[in-house]
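Hi,

Here is the structure I promised to pass on.

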Amino acid sequence: MPAHTLDALLRSLAKGELAPVYYLHGPEDVLKDEAVRAVVERALDPGLRDFNYDQRSAGQLDPEAVFTLCTTLPMMAERRVVVLRDVEGWKRRPKTRLAFLNYLERPAAETVVVLVQSSAEEEPDKDLVRGAYAVVCEPLPPERARRWLLRRAAALDVQLEEAAADHLLEAVGSDLGAVAAELQKFAALPAGTPLSAEQVGELVGVRRGETIYDWRDAVFDGQAGRAVALLPSILDQAGVSGVKLITLVGTTLVGVGIARGHYERGLRGAGLQDLLFKTLLRLRIFGLPDYKKESPRWARWAATWPPARIRAGLRAARDADQGIKSTTISDERGILTDLVLRVTVPFLEAA
């Protein structure tokens, strides 16, 4: 059967529906944990959960252990739940995988099995997708990531000013695992007034105005000096690499190219921004900030980035990517400085 979204799974569970086998895969591990909790809460009575819940590493099981786990009858309950994590480990245990595939053909009515594949394994198991209720856990778009952040903060009794929540997402990105880790740190602070954006910046080590998106904005606004000056602090931030910055530039160039195409057909102002916002919602491009703020940027840059400049920028980004990945060149800062100068200075001089 085709893969479902997490939203589809949650709607199904809200209706009281339970599949005999779930298969969770995709890049967002935090959402897989939330899916597991949702299935367990729907399937098991809290008072009997300890007797009817098993969680194991799939790669550590032999065929007999898998069969026993999946066919053991529940204790004083209608069903039991078995969570098998790291199912990619079955690549090293083909007999165990085959045993489960055989089970999948006739699963026990009294058992709900949840298979969890870690994000380290990108390719889904086609046999599991075909035979189980497969759920792909994709990164959330920025606005949903923000809502998720606020829900998690409330659960931890962490208070954030609106600008602080925005800055946290811009500082660490929409990686929910990274966001959750930062919120856990905030929860250890003494209770008091809501954290400001400046306080969040100090706590995460990324000051306001020095995120990767601030650097990208300086590049596309033609502020070569500011973009180059930001590079040392940007590259020192956790999780930031030259490849990540080049990818951000490349993604933005493609977006500005889309905006420029509509711009040249006469679309301007709010109409262009609205169309770009809808395009972002449809494409769900990961690694960009809030779409409501991004679409006006693309619309603004469309006026100053003609096709020739976009093509030159793409060539410069390609060269920078090849340079950083080269085994003979390791100066990320120098390569990125060259990228900034190639996409800004010639056009500033021509203006």
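**Cavities, a pocket and a helix**

The largest cavity holds about 130 Å³ of space. A cavity here is a set of points on a 1 Å grid over the protein atoms alone where a 1.4 Å probe fits but cannot get out, and lining residues have an atom within 4 Å of a point. Volumes are the space filled by probe spheres set on the points, which are joined across faces, edges and corners. Of the 13 residues lining the largest cavity, Asp-166, Leu-169, Glu-170, Pro-289 and Asp-290 are the closest to its centre. H6 and H7 are the elements that each give two or more residues to that lining; helices are DSSP runs of H or I with at least four residues, strands are E runs of at least two, and both are numbered from the N terminus.

Before you go further: this is a predicted model, with local features needing pLDDT of at least 70 and side-chain atom pairs counting only at pLDDT 80 or more, while totals for chains, interfaces and linings use all residues. Residues are numbered from 1 along each chain as its sequence is written, and side-chain values use heavy atoms, with hydrogens and water left out.

Now to H7 itself (residues 162-172). Gly-173 follows H7 and has a positive phi, near 85°.

Gly-173 also turns up in the largest pocket: together with Val-172, Asp-175, Gly-239 and Lys-244, this glycine lies nearest the centre, out of 27 lining residues. A pocket is an open set of points with protein on both sides within 12 Å along at least five of seven lines. About 640 Å³ of space lies in this one. Helix H12 (242-264) gives the most to the lining, with 4 residues.

Lastly, there is an open sheet of 5 strands, ordered S2-S3-S4-S1-S5 with parallel pairing (strands pair if DSSP finds at least two bridges between them). S2 (53-57) and S5 (133-136) are at the edges with a single partner strand each, so one side of each has no neighbour in the sheet.

Cheers
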